[in-house]
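Please view the structure first.

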Amino acid sequence: MRSLLAYLPTYPRAATAAFPSSVAAVAGNLGARVRAAVTRPVFKDPSNWALSHLLRDLTQDATRRAAQHEATLTDAMRDAARQAGVQLEMRTIEGDPLDFEHVMRRWSRVHDLTMIELDGHDLERGVAEVVVFGSGRPLLVLPVGQTRPFSPDKIVVAWDGGAAAARALGDALPWLIAADRVQLVAVSEDGKLRPGARA
């Protein structure tokens, strides 16, 4: 494991303050360097003159809040990386928020692991989907609200004997080696889940 890409959105919901600590903890455990991608939304001018003043006020407010979140997340990521002793590169994704997922798809292809925090919002779910289906690389999704840094102490492996499962198992090998307990769950041809042996 050499490189970890972390997605730090600032709009419409900012990543939580705990997420940079989880990113740094994972990178430290895996011996990876971090590239943290923080977003900077740029909104187009409204074309409807009747709504232009209202929309301009809304976009200016969103831009201002996003800038505040960007500064806070950048500081938090730098502090977390320094405390964990991991190498950090901060990058900015600037532009239309609808284009963020395309940038993340390209960037995730050249990283060993991508991390994202997810609460079900459409934009963040879109980023997660393009990384899963468009990068060919593993994605670690953390739930919003997790307060402790992520640690893979207990791991459940879903196994169906297929190529995708084999690839996922290979990608997860550094986690499996470091885990305290690994449990295998195999899916049989009749579709029933059967717990496997514990390692």
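**Strand pairing and ring contacts**

Strands β1 (residues 3–8) and β4 pair in the parallel sense over 3 bridges; strands pair if DSSP finds at least two bridges between them. The model is predicted, so local features need pLDDT of at least 70 and side-chain atom pairs count only at pLDDT 80 or more, while totals for chains, interfaces and linings use all residues. Residues are numbered from 1 along each chain as its sequence is written, and side-chain values use heavy atoms, with hydrogens and water left out.

Strands
- Helices (H or I, at least four residues) and strands (E, at least two) are DSSP runs, numbered from the N terminus.
- L4 has L113 as its bridge partner in β4.
- β4 also runs parallel to strand β5 (residues 139–143), joined to it by 5 bridges.
- The bridge partner of M115 in β5 is L140.
- In β4 (residues 113–118), 5 of the 6 residues are buried (under 20% relative accessible area; exposed is over 50% and partly exposed in between, with a 1.4 Å probe and protein chains only).

Rings
- The count is 1 aromatic pair (ring centres of Phe, Tyr and Trp, the last by its six-membered ring, within 6.5 Å; planes under 30 degrees apart are stacked, over 60 edge-to-face, the rest tilted).
- Y11 and F43 form this edge-to-face pair, at 5.1 Å centre to centre and 80° between the planes.
- Y11 lies in the loop between β1 and α1 (19–30) and F43 in the loop between β2 (33–41) and α2 (52–84), 32 residues apart.
- Y11 counts as partly exposed because its relative accessibility is 24%; F43 does so at 23%.
- The charged end of R35 sits over the ring of W107, 5.5 Å from its centre (NZ of Lys or CZ of Arg within 6 Å of the ring centre and within 35 degrees of the ring normal).
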